[in-house]
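Trainee: Could you show me how to read a structure with two chains, step by step?
Mentor: Gladly! Let's look at it together.

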2 protein chains.
Amino acid sequence: MISKKHIENAHLRIQSHIHNTPILTSSKLNALAGAELFFKCENFQKVGAFKPRGAINFALQLTQEELKNGLCTHSSGNHAQAVSLAAQLLNTSAYIVMPETAPEVKVLATKGYGAIVTFCAPNLQAREETLAQVQQKTNAVFIPPYNHEWIIEGQATCAKEIFEEVNHLDYLLTPVGGGGLLAGSALAANYFSPKTTVVAAEPEGADDAYRSFLSGILVPSENPKTIADGLLTSLGPINFELIKKHVSEINLVTDEEIIHAMKLIYLHLKVVIEPSSATVFAMVLKRKEIFKGKRVALILSGGNVDLAKLPF
Amino acid sequence: MISKKHIENAHLRIQSHIHNTPILTSSKLNALAGAELFFKCENFQKVGAFKPRGAINFALQLTQEELKNGLCTHSSGNHAQAVSLAAQLLNTSAYIVMPETAPEVKVLATKGYGAIVTFCAPNLQAREETLAQVQQKTNAVFIPPYNHEWIIEGQATCAKEIFEEVNHLDYLLTPVGGGGLLAGSALAANYFSPKTTVVAAEPEGADDAYRSFLSGILVPSENPKTIADGLLTSLGPINFELIKKHVSEINLVTDEEIIHAMKLIYLHLKVVIEPSSATVFAMVLKRKEIFKGKRVALILSGGNVDLAKLPF
């Protein structure tokens, strides 16, 4: 059970290690949506995504004894960098298992934080087996990407910052992959802004959260395929329970809608985001009837994208 | 003579019509430069560039009688949008003369503010003649792009905001085209942060300010050619006098250096900028010996770029 106090403590714990990222607005995007939009720029967060909030909150609760053998995880992207950053902050080693297919920009960034990267086949089984081997050899502590209270509490601090800066929000929108950001945001709304409704956006090609939410039974992703590479993971069970309780709706968006929204954000908000971040604005444009005339916060979850492969 | 009071009044006058844009930092860019960098994001300004500061400061000083026939100017880009925005704010018309070669994204954006656009051949003579015809027909008031005290006072408010937010700056860096932003920034430093040295960056292919500054005699650009399309204009005489007095140095950067710096800003700062904005960071990387260990503010002047034609 994650209490209000847990989230407040997480925020105090990590505050000096993360950015309170700016919230940007655009009258052009407001006009396009027919709503008042507040974009929380986690693409400006350290490592270029919200992930260090959770990873650092986790790492700071380990003992010196636990820390001394390093931190480890498997991740194709932003969580890898977040764990590497946490290890760097705490003067310990980071061991990261990455699929061979991970974007080069994310591999280089992870190595840039001093992490030791081990590659594996691009499937969950290979990732878990390779990680088990790494752990056996190093005794490093595993930092889970989303399915853990400490991670969820850390990710909740992003929405908490939004509520501290913008009042009377009708909606808070986040993408959903593993569900760390969504569960944390929904809890933060529950405690710090109970009149704000939390809605998630998910790519059609990785719709496990949507299907799980509708049926009430956790179903994993099978061969997910979407341009939103940060949202390929399946929902975690701890996350799912919180999402069932505190999230109002999950809507699907197509890759085409994601690309269109992404381009509009580059054009008018002038920020670099990765496709996952564009899902929420794609949903606002797709479901205008829900958000019309409302005050809506959107979390731009990250900005780690291969610039040579922009889809426009 | 532009006094401290003139700049303070300009700021009060325009404050509610512009954004006090955020200042971003990046530990990676700091490490690359060996300096502490503060990026003032005028790419987030209304119309996507610093230009409305000057145009709105000018338009707000016109009488109702002067305003009623509209505003006009010639511009290939950001100033066109700024004048159109000023006209929209003051409920009057905007007549904009643009070269046929202006980037489509800038033409569309100008029309988006309700401006009436007249195209002409892409040279200064055609621009001035076409504008004279437009003025004769409409009696609209000409808003100059840079060579006017009211424009310079408006552009000075950008540096004033920087000094209000970041203290002990050793350097303030701006690009130089017509010299409105540079002259305004240099004056603002003189009045609000006299220990800060102002240095400008200019593309090698449009080096009129560099040559004028060195020789002390104003020489115009001849067939300028650079990827930094916002810096093709020649220095104005009013601007030049202020620059001679208050600017410490102008350094040249190549298009290749501009593109490299631009890519690093997209990658690490996660913001969309146009090539002109990248000149200042290109200079920091090129002349590391000057800025090493210093606190340096860089004005990212604008973000209006054709995304389909990014040079990387």
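**Reading a two-chain model**

Mentor: Let's start where the chains meet. This is a predicted model, and in it 15 residues of chain B are in contact with 15 residues of chain A.

Trainee: Which element gives the largest share of the side of chain B that touches chain A?

Mentor: Helix α12 of chain B, residues 255-269, gives the largest share, with 3 residues. Sorted by class, this side of chain B has 10 nonpolar, 3 polar and 2 charged residues.

Trainee: How do I tell through which surface the copies meet?

Mentor: Compare the interface residues of the two chains. Here 100% of those in chain B are also interface residues in chain A, so the copies meet through the same surface.

Trainee: Now helices. At what angle do α1 and α3 of chain A pack?

Mentor: Helix α1(A), residues 4-14, and helix α3(A), residues 52-59, pack at about 90°, and their axes are 9 Å apart. Angles of 65 to 115 degrees count as roughly perpendicular, so α1(A) is roughly perpendicular to α3(A). The contact is made by A10(A), R13(A) and I14(A) from α1(A), together with R53(A), I56(A) and N57(A) from α3(A). By class, the residues of this contact are 3 nonpolar, 1 polar and 2 charged.

Trainee: What should I look for in the interior?

Mentor: Nonpolar side chains tend to be buried together in soluble globular proteins. Here the largest nonpolar core has 206 residues, and L173(A) and L173(B) touch the most other members.

Trainee: Which residues does L173(A) touch, leaving out those up to four places away in sequence?

Mentor: L173(A) touches V199(A), A201(A), V280(A), M283(A), V296(A), A297(A), L298(A) and I299(A).

Trainee: Let me try A132(B). Is A132(B) buried or partly exposed?

Mentor: Count its neighbours: A132(B) has 13 C-beta neighbours inside 10 Å, so it counts as partly exposed. A132(B) sits in helix α7 of chain B, residues 124-138.

Notes
Residues are numbered from 1 along each chain as its sequence is written. Chains are lettered from A and ligands numbered from 1 in the order in which they are written. This is a predicted model: local features need pLDDT of at least 70, side-chain atom pairs count only at pLDDT 80 or more; totals for chains, interfaces and linings use all residues. Two residues are in contact if their C-beta atoms, placed from the backbone, lie within 7 Å. Helices (H or I, at least four residues) and strands (E, at least two) are DSSP runs, numbered from the N terminus. Ala, Val, Leu, Ile, Met, Phe, Trp, Tyr, Cys and Pro count as nonpolar, Asp, Glu, Lys and Arg as charged, and the others, Gly among them, as polar. Axes are lines fitted to C-alpha atoms, for helices over the stretch in contact, and angles run from 0 to 180 degrees between N-to-C directions. Angles under 35 degrees count as roughly parallel, over 145 as roughly antiparallel, 65 to 115 as roughly perpendicular and the rest as oblique. A nonpolar core is a set of buried Ala, Val, Leu, Ile, Met, Phe, Trp, Tyr and Cys residues joined through C-beta atoms within 7 Å. A residue is buried if 20 or more other C-beta atoms lie within 10 Å of its own, exposed if 12 or fewer, and partly exposed in between; C-beta atoms are placed from the backbone.
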